[in-house]
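Reader: Please show me the model, and then let us go through how its parts are arranged.

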Number of protein chains: 2
Amino acid sequence: MPPQEPSPYGARLAKLRERIAEERLEAFLATSLPNVHYLTGFSGSAGVLLVTLGDSLLFTDPRYDLQAHEQVRESRVVITAGDALTAAAKRWNRSRLLRLGFESGAVSFQTHRGLRKLLPKKRLIPTAGWVETFRIEKDEGEIEQIRRAVAVASRAFSETLPLVRPGIREIEVAAEIEYRMRRYGAAQPSFETIVAFGERTALPHARAGARPLRTGECVLMDLGAILDGYVSDMTRTVFLGRPSRKASRMYQAVWEAQKEAEETVRAGVECATVDRAARRVLDRYGYGRYFTHSTGHGVGREIHELPRIAKKQHAVLPERAVITVEPGVYLPGFGGVRIEDVVVVRKTGAEILTQTPKDLTVL
Amino acid sequence: MPPQEPSPYGARLAKLRERIAEERLEAFLATSLPNVHYLTGFSGSAGVLLVTLGDSLLFTDPRYDLQAHEQVRESRVVITAGDALTAAAKRWNRSRLLRLGFESGAVSFQTHRGLRKLLPKKRLIPTAGWVETFRIEKDEGEIEQIRRAVAVASRAFSETLPLVRPGIREIEVAAEIEYRMRRYGAAQPSFETIVAFGERTALPHARAGARPLRTGECVLMDLGAILDGYVSDMTRTVFLGRPSRKASRMYQAVWEAQKEAEETVRAGVECATVDRAARRVLDRYGYGRYFTHSTGHGVGREIHELPRIAKKQHAVLPERAVITVEPGVYLPGFGGVRIEDVVVVRKTGAEILTQTPKDLTVL
């Protein structure tokens with residue numbers, strides 16, 4: 001019999017229990033679905049998790065009976081006919097324990113009121129960002145999953161490039177990319193694929209529309225796949241026909257900025273340092289004020305996770321954090337360039353997961 | 001000069017102001033994004049709306065400067081460098097008015113705390129479901145938009161059917177459907193397209209996987225498109241090769257149940273009546289206990305809106321509500337059938353938006 005892989009869920013629950021004890025609580029109620037997934041392995045669309053120092057109960061509904069029992073080992077599954085949160089609260093009400101931490105950013109004012117009514121004698125203690133902070137540092141299994149999600153997006157991107165010809169519309173390019181990601185196993189795009197042509201590339205969040213591509217224009221594509229619960233995120237900017245000198249210079253600047261920023265990435269470095277490296281290059285080129293967003297963000301179960309790679313972010317990158325590095329320059333009325341990879345923070349530097357070439361590509 | 005279409009946003013704000021006055025508030029803060037979209041016409045991914053009896057202010061960030069000014073007429077646009085909600089709160093703090101209603105289901109406990117700190121001398125009054133209730137009754141412009149979203153899904157479905165041949169995988173069918181919806185203008189699917197073959201159709205929320213299709217199996221497809229901010233939702237179950245007698249009988253039962261339920265739909269009828277009509281047919285066939293979900297739900301800006309078409313829902317259907325009618329039967333280990341249309345509630349009956357045929361289809 002082959003050796004069993006150790007499950008990460010036991011370790012994650014243990015870490016959460018340490019925190020529960022440190023903060024002098026007696027239990028923790030996870031209502032943020034990505035956090036419930038992270039702590040249990042369950043991937044359904046509804047469920048809450050009640051963790052005490054000695055037990056862990058996942059409440060979900062009959063739709064997920066089979067799935068939850070298959071996926072979840074380190075927590076006990078409780079199937080409830082009604083609302084999972086109400087069931088969890090009622091169970092907690094029968095306990096002799098008192099101090100329950102809840103996720104104050106993932107419980108609405110209205111839900112909190114409902115909990116108060118269900119638990120008149122208990123103490124509900126707001127917490128913020130506990131599991132989100134645990135999630136910054138990935139384990140190698142998660143990194144593998146992100147690597148696969150990155151590969152699916154890269155493959156879809158490379159296979160779509162030959163279709164980017166004069167006359168194709170932004171929305172058609174987006175459809176071709178998303179179609180391939182889906183066929184290669186993605187449940188969905190990790191966000192609405194951004195495809196912009198020509199002067200529309202100056203809008204960092206352009207929505208793909210009916211605009212046809214003309215020779216001499218640049219093409220910005222920002223895409224990602226959700227594969228088995230983990231996401232990817234990449235951007236490339238290419239040119240249909242030789243770019244102007246101005247456009248080439250912009251490309252060169254962003255490419256250098258992206259490279260410099262990636263070169264600063266390693267465990268122990270402040271997030272702001274990575275951001276500053278990109279900004280310094282763009283400042284040198286005179287594009288500083290056209291770099292209107294931050295340099296990156298964590299990715300994992302969600303497309304925007306901690307940490308933020310931005311100005312004033314003094315948090316230190318831990319080993320195995322997974323982040324994007326994505327500087328961009330946007331000249332209103334002219335166009336924009338953005339280049340984005342997903343990278344893993346390692347002791348000695350960045351491991352770049354995105355394998356798609358970054359040198360100036362002329363179609 | 002052609003006459004200008006009257007904008008619906010003024011009327012929606014007027015209705016909200018009536019409610020503000022009735023409830024003796026002085027302003028309303030909309031933080032639910034679909035509600036902000038509904039009240040203003042703005043379609044960006046971040047923004048909050050502060051409505052007083054005499055004014056209406058949409059707060060959003062610089063990314064949406066151009067777009068918000070283009071889309072929004074009946075509210076004033078305020079572009080804020082920082083967080084839009086904080087900016088709205090600070091503006092409210094400078095007002096001499098006191099009583100501000102907020103959406104208690106769309107404000108987290110944590111955010112509410114933040115607002116309390118920003119507004120120490122103001123009264124924050126929880127409200128629930130105000131705008132969601134307004135949204136039940138659509139105007140004809142919204143119905144047109146839903147009709148178009150329905151047409152995009154129906155077209156993608158019909159064009160994909162010829163590809164449903166032996167050996168194709170669930171995920172490939174989903175990719176083909178989503179690809180076509182995207183090309184026909186959808187921003188994204190309104191949910192992860194469900195495609196299930198054979199015994200997997202017995203799972204109402206099956207996730208499309210790598211399973212290849214074999215002759216003699218049934219194929220359940222549940223799909224929808226988001227088009228210009230409005231969604232569609234449809235399900236068809238078809239057969240590759242002649243179905244067994246048992247499967248044909250199931251199909252017949254669900255088809256009849258769906259038809260009977262649609263026939264009860266008209267303005268003034270209780271939601272529970274529509275649900276009961278479907279259940280009665282399935283009971284008669286002996287399938288009652290295998291119909292494990294409710295008969296339908298409202299659709300509009302979101303895939304699940306009010307009203308709920310279910311047991312004990314005594315709310316009355318108003319004219320121009322738009323709902324799904326989707327009974328299903330799921331026999332564990334054997335398979336399932338679901339048939340779903342989107343229909344408009346009219347004075348005299350249901351206007352069925354989904355034009356795709358429902359008679360038993362053998363591929």
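Reader: In what order do the six strands of the open sheet of chain B stand?
Author: This is a predicted model, in which local features need pLDDT of at least 70, side-chain atom pairs count only at pLDDT 80 or more, and totals for chains, interfaces and linings use all residues. Residues are numbered from 1 along each chain as its sequence is written, and chains are lettered from A and ligands numbered from 1 in the order in which they are written. Strands are DSSP runs of E with at least two residues, helices are runs of H or I with at least four, both numbered from the N terminus, and two strands pair if DSSP finds at least two bridges between them. The pairing in this sheet is mixed, and the order is β4-β3-β2-β1-β5-β6.

Reader: Why is one side of β4 and of β6 of chain B left without a neighbour in the sheet?
Author: β4 (76–79) and β6 (123–127) of chain B stand at the edges of the sheet. One side of each is left without a neighbour there because each has a single partner strand.

Reader: Which residue of β6(B) is the bridge partner of B:Arg99?
Author: Strand β5 (residues 99–103) of chain B runs parallel to β6(B), and five bridges join the two. The partner of B:Arg99 in β6(B) is B:Arg123.

Reader: At what angle does helix α2 of chain B run to β2(B)?
Author: Axes are lines fitted to C-alpha atoms, for helices over the stretch in contact, and angles run from 0 to 180 degrees between N-to-C directions. Two residues are in contact if their C-beta atoms, placed from the backbone, lie within 7 Å. Helix α2 (residues 33–40) of chain B lies across β1 (27–30), β2 (48–52) and β3 (56–60) of chain B. Its angle to β2(B) is about 55°.

Reader: Which element gives the most to the side of chain A that touches chain B?
Author: The contact takes 25 residues from chain A and 25 residues from chain B. On the side of chain A, α5 (109–118) and α8 (170–183) each supply at least two residues. With eight residues, the element that gives the most is α8(A).

Reader: How far apart do the C-alpha centres of domain 1 and domain 2 of chain A lie?
Author: Chain A is divided into domain 1 (8–134) and domain 2 (140–352), with bounds from an automatic or database domain assignment. Seven residues of domain 1 of chain A are in contact with five residues of domain 2 of chain A. The C-alpha centres of these domains lie apart by 35 Å.
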